[in-house]
Amino acid sequence: MPLTPEQTAEIEAARSLPRPTLRAVSEGMEAHLYRAHPVLDHGFIRVIDYMGDDSAIVQAARVSYGAGTKHVQNDEGLIRYLMRHWHSTPFEMCEIKLHVKLPVFVARQWIRHRTANVNEYSARYSILDREFYIPDPDQLAAQSIVNNQGRGEVLQGEEAARVLDLLKSDANRAYDHYEAMLSQDGQQGLARELARMNLPANIYTQWYWKVDLHNLFHFLRLRADPHAQYEIRVYAEAIAACVKDWVPLAYAAFEDYRMGGVTLSSKAIAVVKRMLTGETVTQETSGMSKGEWREFEGIWG
């Protein structure tokens, strides 16, 4: 269970006590505030707080006050211009704070995005719960034979059952030993900060993660991409759904220029121009490496 009944009741109690405010409010984000969105088997993301909305981006770009006299179409056009020309500072005026419950190995990948503020649940002071990420059968895949950091074919039958059994038994055995080593119930045992080193990487941790919109978009561009690892991608997709409701104009521009757009090198642009004149261009005559050409073909077919 991602949330206990007590935690759910606490969230509903918080949502039942709205407070008046003079700050910018996004109705779309208000619908998400505090609520947990389940991810994986025991994880979740939930919005704890946010600052700003689409108008905050526009106001920062114009250094204006209030709503001004511009129409929504003008705001949308300006936001698209900012996104198109990589003007990042106005997007940094919006921030979001998330409570995330996630497997440790996902957290270690996530933390590589260093432009955020993070406070993680401490296993030095507290005892972690017996909760592990166990993949669904359709996520059990062999190593890719063409990509050193990707997955290949999904495991089937006895092999899938064997791997699942190892994952479950190893995780529970490690936790049993973790519990047995702890200093508790009058037993001298081992300090929590040392006992935790025996825990598996698929155990769940939690943190508060605060980031501005510009750096969040960078996170989503990488982690919500179809090529990203599944276990972090589903978190990014859950966050993206909240962001889309929070800043719909900025998110639409992000989808268009970042998620749906591509960046071409000068060599690639030269090749496109040659192709438009009717010339047949091959990898050998393009000036690109084999890897560059393969990526270029992936874009243009």
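The following exercises, with worked solutions, concern the predicted model shown above.

Residues are numbered from 1 along each chain as its sequence is written, and side-chain values use heavy atoms, with hydrogens and water left out. In this predicted model, local features need pLDDT of at least 70 and side-chain atom pairs count only at pLDDT 80 or more, while totals for chains, interfaces and linings use all residues.

**Exercise 1. The chain as a whole**

Task: State how many helices and strands the chain has, and what share of the residues is buried.

Solution: 
- Step 1. The chain has 13 helices and 7 strands; helices (H or I, at least four residues) and strands (E, at least two) are DSSP runs, numbered from the N terminus.
- Step 2. Of the 301 residues, 36% are buried, where buried means under 20% relative accessible area, exposed over 50%, and partly exposed in between (1.4 Å probe, protein chains only).
- Step 3. The C-alpha trace spans about 80 × 60 × 30 Å along its principal axes.

**Exercise 2. The nonpolar cores**

Task: Identify the residues with the most contacts inside the largest nonpolar core.

Solution: 
- Step 1. A nonpolar core is a set of buried Ala, Val, Leu, Ile, Met, Phe, Trp, Tyr and Cys residues joined through side-chain atoms within 4.5 Å.
- Step 2. The largest such core has 48 residues, and Trp110, Leu213 and Leu216 have the most contacts inside it.
- Step 3. Helix H9 (residues 230-246) supplies the largest share of this core, 10 residues.
- Step 4. Leu128, Ile134, Tyr178 and Leu199 are among the 16 residues of a second, separate core.
- Step 5. Leaving aside residues up to four places away in sequence, Trp110 touches Val100, Leu102, Trp207, Trp209, Phe219, Ile232, Tyr235 and Ile239; a contact means heavy atoms within 4.5 Å.

**Exercise 3. Strand pairing around E7**

Task: Determine which residues of E7 stand opposite valine 100 and valine 118.

Solution: 
- Step 1. Two strands pair if DSSP finds at least two bridges between them.
- Step 2. Strand E3 (residues 95-103) pairs with E7 in the antiparallel sense over 9 bridges, and valine 100 stands opposite tryptophan 207 in E7.
- Step 3. Strand E4 (residues 117-120) also pairs with E7 in the antiparallel sense, over 4 bridges, and valine 118 stands opposite tryptophan 209 in E7.

**Exercise 4. The cavity**

Task: Describe the lining of the largest cavity.

Solution: 
- Step 1. On a 1 Å grid over the protein atoms alone, a cavity is a set of points where a 1.4 Å probe fits but cannot get out; lining residues have an atom within 4 Å of a point.
- Step 2. The search of the whole structure finds 1 cavity of 30 Å³ or more, and the largest cavity has a volume of about 30 Å³, the volume being the space filled by probe spheres set on grid points joined across faces, edges and corners.
- Step 3. Its lining consists of His113, Thr115, Ala116, Trp209, Val211, Asn215 and Phe219.
- Step 4. Strand E7 (204-212) and helix H8 (213-223) each give two or more residues to this lining.
- Step 5. The lining divides into 4 nonpolar, 3 polar and no charged residues; Ala, Val, Leu, Ile, Met, Phe, Trp, Tyr, Cys and Pro count as nonpolar, Asp, Glu, Lys and Arg as charged, and the others, Gly among them, as polar.

**Exercise 5. Glutamate 76**

Solution: 
- Step 1. Glutamate 76 and alanine 253 are 177 residues apart in sequence, yet 8.5 Å apart in space, C-alpha to C-alpha.

Key:
On a 1 Å grid over the protein atoms alone, a cavity is a set of points where a 1.4 Å probe fits but cannot get out, and a pocket is an open set with protein on both sides within 12 Å along at least five of seven lines; lining residues have an atom within 4 Å of a point.
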